[in-house]
Amino acid sequence: MQKQIVEPVGVYPPTADFSQAIRVSGGDLVFVSGIIGMRADGTMPADTREQVELAFANLAAVLDAAGATPADVVKVNVFVRDDFRLVRDDVREIRARYFTHDFPVSTLVQVAGFAGPEYRFEIEAIAAVPTRADAAAPASPPEPAAPRSG
């Protein structure tokens, strides 16, 4: 098995001993650690909606660095600190911009707290992407045409 640690540019550095994404076995699966609504400079907005916006933007950037897109995501786990009923509309609106069809399987958990007291939202994902060989392979040649009579 091959494992490649992905270090995306323009996303905050890991806040502990973890990788933000790992590409496994030639790129078939990409596992993304919990992504929070932190700016690249390490600051965090106090507003939950802005943290959700940043978390999804950060997730998209990490997926891009791993050669994937939100369309490749097959599983997400979403964690919220606030009562979900208070943030549901914002989360659903923002999520709908990133997952537009063939929706990923999903788990939502309301938590008592995160690694930092200012964190309000976190999302982790698994993406399934074509292997590089599959993506680079030429299309199959067309079937030969049936002979014409006459």
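**Ground rules**

I am working from a predicted model, where local features need pLDDT of at least 70, side-chain atom pairs count only at pLDDT 80 or more, and totals for chains, interfaces and linings use all residues. Residues are numbered from 1 along each chain as its sequence is written, and side-chain values use heavy atoms, with hydrogens and water left out.

**Entry 1: strands**

I started with β6, residues 121-128. For the labels I used DSSP runs, numbered from the N terminus: helices are H or I with at least four residues, strands are E with at least two. Two strands count as paired if DSSP finds at least two bridges between them.

Which way do β3 and β6 run? I found them antiparallel, with 6 bridges joining β6 to β3, residues 29-36. Phe 31 has Ile 126 of β6 as its bridge partner.

I then looked at β4, residues 73-80, and counted 7 bridges to β6, again antiparallel.

**Entry 2: the core**

Next I looked up the largest nonpolar core and noted 34 residues. Such a core is a set of buried Ala, Val, Leu, Ile, Met, Phe, Trp, Tyr and Cys residues joined through side-chain atoms within 4.5 Å. Buried means under 20% relative accessible area, exposed over 50%, and partly exposed in between, with a 1.4 Å probe and protein chains only.

Which residues have the most contacts inside this core? I wrote down Val 32, Phe 121 and Ile 123. At least two core residues come from each of β3, α1, β4, α2 and β6. The most come from α1, which gives 6.

Leaving aside neighbours within four places in sequence, Ile 123 touches several residues, including Ile 35, Phe 56, Leu 59 and Val 76.

I also checked Asn 58, which sits in helix α1. Is Asn 58 buried or exposed? I found it buried, at 8% relative accessibility. Beyond neighbours within four places in sequence, Asn 58 is in contact with Val 11, Tyr 12, Ile 35, Ile 36 and Met 38.

**Entry 3: aromatic rings**

A pair of aromatic rings is described by the distance of the centres and the angle of the planes. Rings of Phe, Tyr and Trp (its six-membered ring) pair if their centres lie within 6.5 Å; planes under 30 degrees apart count as stacked, over 60 as edge-to-face and the rest as tilted.

By this rule I have 3 aromatic pairs. One of them is Phe 56 with Phe 99, edge-to-face, at 6.1 Å centre to centre and 70° between the planes. Phe 56 belongs to helix α1 (48-65) and Phe 99 to the loop between α2 (84-98) and β5 (105-110), so this pair ties together parts 43 residues apart in sequence.

Phe 56 is buried at a relative accessible area of 1%, and Phe 99 is buried at 4%. I also noted one aromatic cluster, formed by Phe 56, Tyr 98, Phe 99 and Phe 121.

**Entry 4: salt bridges**

How many salt bridges are there? I have 8, taking a salt bridge as a side-chain nitrogen of Lys or Arg within 4 Å of a carboxyl oxygen of Asp or Glu.

Arg 39 and Glu 50 form one, with their closest N and O atoms 3.3 Å apart. Arg 39 is in the loop between β3 and α1 while Glu 50 is in helix α1, so the pair ties together parts 11 residues apart in sequence. Arg 39 is partly exposed at 29%, and Glu 50 is partly exposed at 34%.

Asp 82 meets Arg 120 at 3.1 Å, N to O. This pair links distant parts of the chain, 38 residues apart: the loop between β4 and α2 holds Asp 82, and the loop between β5 and β6 holds Arg 120. Asp 82 is buried at 19%, whereas Arg 120 is partly exposed at 21%.

Asp 83 and Arg 85 meet at 2.7 Å, N to O. I noted Asp 83 as partly exposed at 25% and Arg 85 as exposed at 61%.

Definitions and conventions:
Contact means heavy atoms within 4.5 Å.
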